[in-house]
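Colleague: Could we go through this model together? I would like to begin with the helix packing.

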Amino acid sequence: MSAQTRLVQDFAVPQIEFAGVSKKYQRLIIDNLNFAVAKGEFLSIIGPSGCGKSTVLKLISGLATATSGSILVDGMTPENARETISFIFQDPTLLPWRTVRANAVLGLELERMPKEKREIRVDSLLELVGLSHVSRAYPRELSGGMKMRLSIARALVTGPRLLLMDEPFAALDEMTRDRMNEELLRLRDELKWTVAFVTHSVSEAVFLSTRILVLAPSPGRIHADLPVNLPNPRTAELRATLEFEQTVTAVSRILRGARSA
Ligand SMILES: Nc1ncnc2c1ncn2[C@@H]1O[C@H](COP(=O)(O)OP(=O)(O)OP(=O)(O)O)[C@@H](O)[C@H]1O
Ligand SMILES: [Mg+2]
């Protein structure tokens, strides 16, 4: 295959592709989901509690398997795409007996990367998320925002291309959350991931996303698929603009519609 065909094919393969995906536990949770996410997109998934948002992330990551339909990540089954993906959960599950640095390095130890290489990678990541100065501290000594940054560092250490985030900032106060949102976008600009992000906050979804998927409940299905055409890069000042306010109002209205759909 020539370099050029490879390039063309690479662009042609979406990062995530759902075709007719359904998921049943005792009852039908997700019904016939069809969507594709291009490389580099920042997709937020919003919808009423219990509509299946976390389940969608679990399906993408292979933590749950579809009852019917097909899911491709980078053109592969979720299981084969494991190395592409990092999952960041709502509660940072840090190991309390390990220092910040030792928590961050965990993924590389599991991968059996040589120690020297590991050290360099972890140093630059801690720098990137602004935790170098507390690398010897223990999780209990960190603020909520710092814990979240550490769990992001830990997820990034293996160099994922696709980041799945399930309400990662829900436990933070609004100011910290806003700052984390800005930092997340800065990191993403640098490291070029595709992101699938679940949140209950419409303004967070609008601020971060290139696109918002609104799910309707019982069973979970797509209610709206909305592009977010706000200027890039997204800065803190954007939140104070009329355009931002209007987008949040419009998306909130659509979300209310999803509840009764
Ligand atoms: N492992 C499981 N076994 C049985 N039912 C499950 C399982 N996981 C999720 N469910 C059910 O699937 C539905 C969707 O759950 P999910 O966690 O995906 O919703 P959600 O949209 O993330 O909700 P929330 O906004 O509250 O986090 C719920 O009714 C839940 O009870
Ligand atoms: Mg959830």
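**Helix packing and beyond**

Modeller: Arg101, Ala104, Val105 and Leu108 in α3 meet Arg118, Arg121, Val122, Leu125 and Leu126 in α4; two residues are in contact if their C-beta atoms, placed from the backbone, lie within 7 Å. This is a predicted model, in which local features need pLDDT of at least 70 and side-chain atom pairs count only at pLDDT 80 or more, while totals for chains, interfaces and linings use all residues. Residues are numbered from 1 along each chain as its sequence is written, and chains are lettered from A and ligands numbered from 1 in the order in which they are written.

Colleague: At what angle do the axes of α3 and α4 cross?

Modeller: The axes of α3 (residues 100-111) and α4 (residues 115-128) cross at roughly 125° and come within 10 Å. Axes are lines fitted to C-alpha atoms, for helices over the stretch in contact, and angles run from 0 to 180 degrees between N-to-C directions. Helices (H or I, at least four residues) and strands (E, at least two) are DSSP runs, numbered from the N terminus. The two helices are therefore oblique to each other: angles under 35 degrees count as roughly parallel, over 145 as roughly antiparallel, 65 to 115 as roughly perpendicular and the rest as oblique.

Colleague: And what about α3 and α5?

Modeller: Helix α5 (residues 144-156) packs against α3 at about 30°, with the axes 6 Å apart. On the α3 side the contact is made by Val100, Asn103, Ala104, Leu106 and Gly107, and on the α5 side by Leu150, Ala153 and Arg154. Five of these residues are nonpolar, two polar and one charged.

Colleague: Changing topic, which residues are around ligand 1?

Modeller: They are Tyr25, Ile29, Gly47, Ser49, Gly50, Cys51, Gly52, Lys53, Ser54 and Thr55, where a residue is near a molecule if its C-beta atom, placed from the backbone, lies within 6 Å of it. The shell has three nonpolar, six polar and one charged residue. Helix α2 (residues 53-61) gives the most to it, with three residues.

Colleague: Which peptide bonds are cis?

Modeller: A cis bond joins Ser218 and Pro219, with omega about -5°, and Pro219 lies in the loop between β8 (211-216) and β9 (221-227). Another cis bond joins Asn232 and Pro233, with omega about -10°; Pro233 is in the loop between β9 and α8 (242-259).

Colleague: Where is Asn32 found, and what is its phi?

Modeller: Asn32 is in strand β2 (residues 28-37). Its phi is near 50°, a positive value in a residue other than glycine. Most residues other than glycine have a negative phi, and most peptide bonds are trans.

Note on methods:
Ala, Val, Leu, Ile, Met, Phe, Trp, Tyr, Cys and Pro count as nonpolar, Asp, Glu, Lys and Arg as charged, and the others, Gly among them, as polar.
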